[in-house]
Amino acid sequence: RKFLALLMQSGTAWFLTGWVIGATLGAVLDIMDILPPTASYECMDGNCQRGIWIRCFGFFGSAIGLLASPYAPSFFAGTQMCFLDVVSINQVDPDLMDRGIYGLGGFLAASSELRILWSPPYLSRLWCVFELAAFKKANPHGKVVLKPLFMETLIFSLILAIYGIVAIEEIRFMIRLNRNSNGESDGDTDSADSTLFGAGGIEALVGGLLLLPTIWMLHVIRKLFREKKELISNLRSFDLDKVACRTERDKNFIHSGIRAWYGSTDAFVEHVKGPLADELTEPFGRTDLPTTSWLMLATPFAAATLDFFVNQCQSTGVPKEGLFWLFLNRVVSANLSMLLQLRLVLYLCDRFAAAETTRVRDFAKSVFLWLVEGAVIAGWRAAINRSQQPAMILTICFVAVSLALFVFGDPKRWKRCCSRSSNSTEREIDNSAV
């Protein structure tokens, strides 16, 4: 997990660059008919084609970009030198190991940033606590960055899960296309692209069965958010006496250092539980993700919608002047809708991350949240489908509302804005009084 965390943190830009290059290459090869379509069929827009090349090239491009990022030139960041204790301190020779461990203070004083790859056992290891205490004293203006391992695990798992859902939808579509080609249905084949779940038939049953693993995905996300709550709890309830150490000699050395820096071990404990906990956990008080993470999460579904858009551009029945509205409706609004659904999933998993008394009840809780998510999505789509507004007006309204909900949809963000507004008003009143 630490390797994945470092890879995702340092390789985000190359992941996105690889996806853009791969998706562009797939689109060009598809448009130039160098790569054949995976299916051709008659639809309401004429002769339609189905391709998966933007998805395939985008997936492999992002994977290659991420894996190659440690060896790629530092175009997106300056050259950085890192002291990574597990590789910078000799792990074989006991004497060299002791010299490295007892010289940690020098490395910490020379560092501009202490990056903590946090996992639940972190605060139970005395040497980890020592590094934290020494850095804050040896480098008062240095930056402490807390990078919990669950964040990158969450993002990576979601990307794979979304690619899985996109693949499931492609399988469902091909089943429906095969059924229609055999004369079993007179329905419009292309209508399968407008929704994630089909209505009736074998393809709906298969799609439903294949989507059941998303319940497990939601259950895993709840466990990852549980780690976030455990992180905050561990900091707020920190107890130095319960921290383990390898030898009594090391324990005495570390405790003497803490007393020299903070006056007493009790003062250090209060510092960890108070100011340090406030500083480190502030970014985790909300469910929101960094912008780059949202961009990474959008790549699988963006590739699927771009595949559809390119295929529609190649069909014989789509007027060229309607391509802009098609792009706005089937690419922009569809991706915003997916991101909104994902935001809702993250909010529900964070809000109801607490474990139940038994595994069965805990899994049942995940199933219930999955049903709530499905009901909200179904209601959202039903409201759109029943709208009597013209398609262009509906698309513009949908994009505007979706964008507003995505940007300002975090309830805690509203609280922070209201808090800042209240504080500003109070300062203005005080200034007026003066």
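Predicted model: local features only at pLDDT ≥ 70, side-chain atom pairs only at ≥ 80, totals over all residues.
Rings of Phe, Tyr and Trp (its six-membered ring) pair if their centres lie within 6.5 Å; planes under 30 degrees apart count as stacked, over 60 as edge-to-face and the rest as tilted. By this rule there are six aromatic pairs. One of them joins F59 and Y163 edge-to-face, with 4.9 Å centre to centre and 80° between the planes. This pair links distant parts of the chain, with F59 in helix α3 (residues 53-68) and Y163 in helix α8 (residues 149-181), 104 residues apart. Helices here are DSSP runs (H or I, at least four residues), numbered from the N terminus.

How much of each ring residue is accessible? Buried means under 20% relative accessible area, exposed over 50%, and partly exposed in between (1.4 Å probe, protein chains only). Y163 is buried at 12%, while F59 is partly exposed at 32%.

Now turn to helix α5 (residues 94-102), where M97, G100 and I101 are buried. They lie on the same side of α5 because they cover an arc of only 95° around the axis, taken from the directions from the helix axis to the C-beta atoms. On the other side of α5, D95 and R99 are exposed.

Conventions: Residues numbered from 1 in each chain as written. Heavy atoms only, no water. Helix = DSSP H or I, 4+ residues; strand = E, 2+ residues; numbered from the N terminus.
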